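Let's take a look at a protein model together. Have the sequence and the 3D view ready as you read.

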Amino acid sequence: LDEELPSAVTPTVIKKHLDNTKKQLALLSDDTLLSYPAMVNPKKILAVEFLVKLYGSLSLTGERATIPIIPSMIIQICLKYGMSPHCPSAFAQYGTYLAL
C-alpha cells in the first residue's frame, strides 16, 4: 500500500509527524480543504481503511505509542490523494493530539 509506520515511535517521531501535518495544513484555506476531490486510488483507500482499523485495535490493546501518528498519516494521505469518509475523524483525532 506504499505507506509505512515508523519502526520506532518516540516523542521526537510523534512531534515530527504532527508538525509535518501542521505545516501542510497551514498552506491550505478552509475553502480549499472543503473542496478537495474524493479519493479514488484503491490502494490509498485501502491504506486509510487499514490505518483506521489499526487505530481502533491499538486503542483496545493498550499499545498507545503509535496512536498519535495514525491520524496524521491519514490526513497526509488525504491531502495527497483526496478526501475519504475517514478524514473527518482523523482531523478530530489530530486536533486532540495538538491540544494535549
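Here is a short tour of a disulfide, a helix and a leucine.

## Ground rules

This is a predicted model, where local features need pLDDT of at least 70, side-chain atom pairs count only at pLDDT 80 or more, and totals for chains, interfaces and linings use all residues. Residues are numbered from 1 along each chain as its sequence is written, and side-chain values use heavy atoms, leaving out hydrogens and water.

## The disulfide

Searching the whole structure turns up one disulfide (a pair of cysteine sulfur atoms within 2.5 Å). Cys78 and Cys87 are the partners, with their sulfur atoms 2.3 Å apart. The torsion about their S-S bond is about -95°, so this disulfide is left-handed.

Cys78 is buried, at 0% relative accessibility, and Cys87 is buried too, at 3%. (Buried means under 20% relative accessible area, exposed over 50%, partly exposed in between, using a 1.4 Å probe and protein chains only.)

## Helix 5

Cys87 also belongs to the buried set of helix 5, along with Ala90, Tyr94 and Tyr97. These residues cover an arc of only 80° around the axis, so they sit on the same side of helix 5 (the arc is that of the directions from the helix axis to the C-beta atoms). On the other side, Pro88 and Ala99 are exposed.

Helices here are DSSP runs of H or I with at least four residues, numbered from the N terminus.

## Leu25

Over in helix 1 (residues 11–26) you'll find Leu25, buried with a relative accessible area of 17%. Leu25 touches residues including Leu79 and Tyr94, not counting residues up to four places away in sequence (contact means heavy atoms within 4.5 Å). Leu25 and Leu79 are 54 residues apart in sequence and 8.5 Å apart in space, C-alpha to C-alpha.

Definitions and conventions:
Helix = DSSP H or I, 4+ residues; strand = E, 2+ residues; numbered from the N terminus.
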